[in-house]
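Keep the 3D view open while you read.

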Amino acid sequence: MEKHCFKKLQELRIKKGYTYQQMADKLNISKCFYWQIENRDRNLTYKMAFKIAKILNTKPDKIFLDEIKEDMR
């Protein structure tokens, strides 16, 4: 199965004008760690999903739910 990034997360980050580094700084994690989350190379905890959603002024389900559901099919 081919891995894909979280497209909605990537789109929202870009729309807000945030770089990987800026998101990482806001989350108090490394740029590499954030990149791995967005590119699905690292498991996403609900706590981290909530923090990301808060930065992007939305809810975790709006960013991640559809893509995670798709993976389960």
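Phe33 is partly exposed, since its relative accessible area is 24%; here buried means under 20% relative accessible area, exposed means over 50%, and partly exposed is in between, using a 1.4 Å probe and protein chains only. You'll find Phe33 in helix H3; helices (H or I, at least four residues) and strands (E, at least two) are DSSP runs, numbered from the N terminus. Leaving out neighbours within four places in sequence, Phe33 is in contact with Arg42 and Met48, where contact means heavy atoms within 4.5 Å. Glu70 is 37 residues from Phe33 in sequence, and the two C-alpha atoms are 24 Å apart in space.

A word on the ground rules: this is a predicted model, so local features need pLDDT of at least 70 and side-chain atom pairs count only at pLDDT 80 or more, while totals for chains, interfaces and linings use all residues. Residues are numbered from 1 along each chain as its sequence is written, and side-chain values use heavy atoms, with hydrogens and water left out.

Now for the whole protein. For 73 residues, a compact globule would have a radius of gyration near 11 Å, and the protein agrees because its own value is 11 Å. That radius is taken over C-alpha atoms, and the globule rule is 2.2 Å times the number of residues to the power 0.38. Along the principal axes, the C-alpha atoms fill a box of roughly 35 × 25 × 20 Å.

Of the 73 residues, 33% count as buried. Take the contacts between residues at least 6 apart in sequence: 53% of them join residues at least 24 apart. The accessible surface is about 5,300 Å², with 52% of it belonging to carbon and sulfur atoms; the areas come from the Shrake-Rupley method with a 1.4 Å probe, and for residues only the protein chains shown count as cover.

Next, helix H1 (7-16). Leu9 is found in this helix, and with 0% relative accessibility it counts as buried. Beyond its neighbours within four places in sequence, Leu9 is in contact with Tyr34, Glu38, Ile52, Leu56, Ile63 and Phe64. Lys59 is 50 residues from Leu9 in sequence, yet the C-alpha to C-alpha distance is 11 Å.

Arg13 also has its place in helix H1, and at 6% relative accessibility Arg13 counts as buried. Not counting residues up to four places away in sequence, Arg13 touches Tyr18, Thr19, Tyr20, Met23, Tyr34, Glu38 and Leu56. Ala49 is 36 residues away from Arg13 in sequence and 13 Å away in space, C-alpha to C-alpha. Ile14 is found in helix H1 too, but Ile14 is exposed, with a relative accessible area of 53%.

What does helix H5 pack against? The buried residues of H5 pack against helix H1 and helix H4 (46-55). Those buried in H5 are Pro60, Ile63, Phe64 and Glu67. H5 covers residues 60-72, and at 1.5 Å a residue its 13 residues should span 18 Å; the end C-alpha atoms are 17 Å apart, which agrees. The expected span is 1.5 Å times one less than the number of residues in the helix.

| Residue | Relative accessibility | State |
|---|---|---|
| Asn28 | 72% | exposed |
| Asn39 | 18% | buried |
| Asn57 | 61% | exposed |

Asn28 lies in the loop between helix H2 (20-27) and helix H3 (31-38). Phi of Asn28 is near 60°, a positive value in a residue other than glycine. Asn57 sits in the loop between H4 and H5, and its phi is near 55°, again positive in a residue other than glycine. Asn39 has its place in the loop between H3 and H4. Setting aside neighbours within four places in sequence, Asn39 is in contact with His4, Cys5 and Tyr20.
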